[in-house]
Amino acid sequence: MEAFRQYLALCGSLLFWLFVAPFRGKPWRIGHTFAQIVRIGVHAVPMSALTALTIGVVLAMQSAAQLAKLGATVYVPGLVSSSLIRELAPLVTAVIVIGRSGSSVTAELGTMKVSEEIEALEVMAIPPMSYLIIPRFLAMVIMMPLLAVFSIYVGLAGGWLISHYSLHMSTAFYVTHALQYVELRDVGIGLLKSGVFGVLIVTIACSIGLNVSGGAEGVGLATTRSVVVSLLSVFVANALLTALFFF
Amino acid sequence: MSAAEPDATLGEPIIEVDSLVRHFGKQTVLNGVSFKVHAGDTFVIMGGSGCGKSTLLRHLIGTEKPTSGSIKIFGQEITGMKADALQKLRGRYGMLFQSGALLQSLTVAENVALPLVEHTPLDAGLIDTVVKMKLEQVGLTGHGHKKPSEISGGMKKRAALARALALDPPLVFSDEPTAGLDPIMTAVVDELTQRLTQKIGATVVVVTHDMNSVFRIGTRIIMLGTGANQGRIIAQGTPEEIRADPDPAVQQFINGDPDGDGVDDTGELLYRDMLLRKL
């Protein structure tokens, strides 16, 4: 309950620093944000790529195995593209980002908290919200949809590998059929989902990190809690968003 | 001169603390602490472990809020102060944390430069020069490019001192500045602290339990009690007055005796009685 109160307090303060403070002469720190974009987003690219590729390959193989029984393997590209764009790319990207970026945000902020660095910033009249949290928030909200788009492409390439080399479809056939079953709206909702996941991941990671107590052990526990809470929130949010837009 | 009349040798009050009380749950950590720190003082807060001296310092810098009582810094009440106003006030003082609290992601030079980059319009070249000067003052020339994790504990502390002094603040707080330093570095840090008050005219508040430092740098001293006197001021005055204080707890602390009122040995006596009864 206390943790939830801390989370709401962080969100309130975040809204202030995002939308009010820039008009009071405290602009966003662009340099810091770019540094975080590289750490949170760019460094997650190889892992997202590998995961998305395997997901695309597996989707194609599983759907081909089932659809072959009905003689309907022509639907494989559409199945791969719609499940990637609507569900799997945003979700799998979120899981990767929670594992490598959300956890590191919590661990870093938690360590800064226990070593008095956050207090030092406050005393130097450098608000931790502006110096630490806003750059991480912006980086996450910008990079999550971009990573999801990237995962969609790589996942589609994975589906193509199976469709082309195993099901002997031509590339043109694969692409037209993959596009036939998705609308622009699906892409928009997929990106909206990943944006929402990004907000959830970074706010949970920051809130738990900033409220660490109890030394190294506290940092370890907080990092675990951050990953668990983020994963659960993302899965629940995904179900809600799917129900809202597709059901 | 009557007691109520202000002492003419003292400067204007920079910090005024009145009846400060702080509870953590049922525990009373600060119990009606009142004192004034005057301009140009090196004000030492001393006392045993757990007496609440670091907690007192956290209240003075505004990172902890008291249960009751008042704290005025530069004449402004900070206990109910809004974040914006507190932020402005914080530009006027520096703080040296016990652990140094250097940002691990920045180099030593970047740490010292941080307050200058954030709060002054100086260009990079000028900031670089000021940083070199500050590092030179604390004997860290040539270590600016290192990360905090690559330097020793004593060096971290001196780098943190350089950072606290970066803006030449008129008021400096210092939490255990010499703990963990060798005797030579202790003397260096003490001398730096003295130079602050004597040459720049700054006011310094130091929390320490290092008795050599206390008498070397302190111009006014308060001592917080432990045990039954937890969180109360049990002695205050000039170094001479503290040395001459008749309170056995104060004398024990100054002389570093293991036995006396300052040590809570009721538990030990209880166990001894229990053992004797069983024999």
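**View 1. The salt bridge between B:Glu176 and B:Lys53 in the predicted model.** The side chains of B:Glu176 and B:Lys53 meet at 4.0 Å, N to O; a salt bridge denotes a side-chain nitrogen of Lys or Arg within 4 Å of a carboxyl oxygen of Asp or Glu. B:Glu176 lies in the loop between β7 (171–175) and α6 (183–200) of chain B and B:Lys53 in helix α1 (residues 53–60) of chain B, so the pair ties together parts that are 123 residues apart in sequence. Helices (H or I, at least four residues) and strands (E, at least two) are DSSP runs, numbered from the N terminus. B:Glu176 is buried at 5% relative accessibility, and B:Lys53 is buried at 6% (buried: under 20% relative accessible area; exposed: over 50%; partly exposed: in between; 1.4 Å probe, protein chains only).

**View 2. The salt bridge between B:Asp168 and B:Lys134.** The closest N and O atoms of B:Asp168 and B:Lys134 are 2.7 Å apart. B:Asp168 belongs to the loop between α5 (153–164) and β7 of chain B, and B:Lys134 to helix α4 (residues 124–137) of chain B, so the pair ties together parts that are 34 residues apart in sequence. B:Asp168 is partly exposed, with a relative accessible area of 46%, whereas B:Lys134 is buried at 3%.

**View 3. The salt bridge between B:Glu118 and A:Arg29.** The closest N and O atoms of this pair are 2.7 Å apart. The pair crosses between chains, from B:Glu118 in helix α3 (residues 108–119) of chain B to A:Arg29 in the loop between α1 (2–20) and α2 (30–41) of chain A. B:Glu118 is partly exposed at 24% relative accessible area, while A:Arg29 counts as buried at 17%.

**View 4. The interface of chain A and chain B.** The contact (heavy atoms within 4.5 Å) takes 16 residues from chain A and 22 residues from chain B. The buried area, defined as the accessible area (1.4 Å probe) that two parts lose on being put together, summed over both, is about 1700 Å², with carbon and sulfur atoms giving 54%. A:Glu116, A:Val123 and A:Met124 supply 34% of the area that chain A buries against chain B, more than any other three residues. Four salt bridges are counted between the chains; one of them joins A:Lys26 and B:Asp84 (3.5 Å, N to O).

**Conventions.** Residues are numbered from 1 along each chain as its sequence is written, with chains lettered from A and ligands numbered from 1 in the order in which they are written. In this predicted model, local features need pLDDT of at least 70, side-chain atom pairs count only at pLDDT 80 or more, and totals for chains, interfaces and linings use all residues; side-chain values use heavy atoms, with hydrogens and water left out.
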